[in-house]
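Please keep the sequence and the model in view while reading.

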Amino acid sequence: MSVIKINLVEIFEIIQDRNYSIIKLPEEFPSYKLGSDLDIFCYDIDILAKEIINSLQKYIDDKHNIEIEKRDGQMYIDVKKQDRIYFRFDLYDRLPKYYNLKIKEGFFSSIIENSQIKQIGELKIKVPSQIDEVILRYIEYHEWYVQRPDKIKHINYIEDQISKKGIDLDVFLDKLHFYTSIPKVLEERIVTKSGILRYIKYLLALVRKGIIMLKDKGLVNTIKVLAKKRKK
């Protein structure tokens, strides 16, 4: 067996009664790309990990193995062939550490408790509510936009949810304000429902400008420029 194919449907059927939520569900799920991962929030990381690991045992042979790394509030379960990761389950029992936004700890349990069921074929999985997913995408973008220009995908997602999917702006803004300390620029710009749309468009234009700068100046110089602007 040279290449294994993990049956994610089977694994999530086994853990269907557990409290969890898949964060930023990939569009191709339950298919996956080699080397990709799933971020999963859960209450009991050890129990969920045990069930996932037990489900993965049948894929192990003389060429493939499972590696587990447990950190504070986080656990990696890697299915590997030699040093190459085929697939990673990234489990969290608390919010990851963010340095550019202050987030109340209660947001973690709120995500799990308000998760919704998403049906894919006959499989039912748990994912964050529309509101929580948008907040998570905003947090992810704000945390990494200087180092990772590709995080523009989160702004595109937010803009799409607001303009096309009918997201409830009042609920979104209320929950965002309640669970996070909002950057000053956001407080100044969001004054009405249309304000959030203007802000998203502002971010989108800012990131696109950064991409142009990246092409012109290169990665190192672009990061320096953005870092200087951020300190102001």
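K24 is partly exposed, having a relative accessible area of 23%; the term covers the range between buried (under 20% relative accessible area) and exposed (over 50%), with a 1.4 Å probe and protein chains only. This is a predicted model, in which local features need pLDDT of at least 70 and side-chain atom pairs count only at pLDDT 80 or more, while totals for chains, interfaces and linings use all residues. Residues are numbered from 1 along each chain as its sequence is written, and side-chain values use heavy atoms, with hydrogens and water left out.

**The loop between β1 and β2**

- K24 lies in the loop between β1 and β2; strands are DSSP runs (E, at least two residues) and helices are DSSP runs (H or I, at least four), numbered from the N terminus.
- Although K24 is not a glycine, its phi is positive, at about 55°.
- P30 is located in the loop between β1 (20-23) and β2 (36-42).
- The peptide bond joining F29 and P30 is cis, with omega about 10°.

**The loop between α6 and α7**

- S181 is placed in the loop between α6 (169-179) and α7 (184-189).
- S181 is partly exposed, with a relative accessible area of 38%.
- Leaving aside neighbours within four places in sequence, S181 is in contact (heavy atoms within 4.5 Å) with L101 and K102.
- From C-alpha to C-alpha, S181 and N100 are 9.5 Å apart in space, and they are 81 residues apart in sequence.

**The protein as a whole**

- The protein contains nine helices and seven strands.
- Of its 232 residues, 44% are buried.
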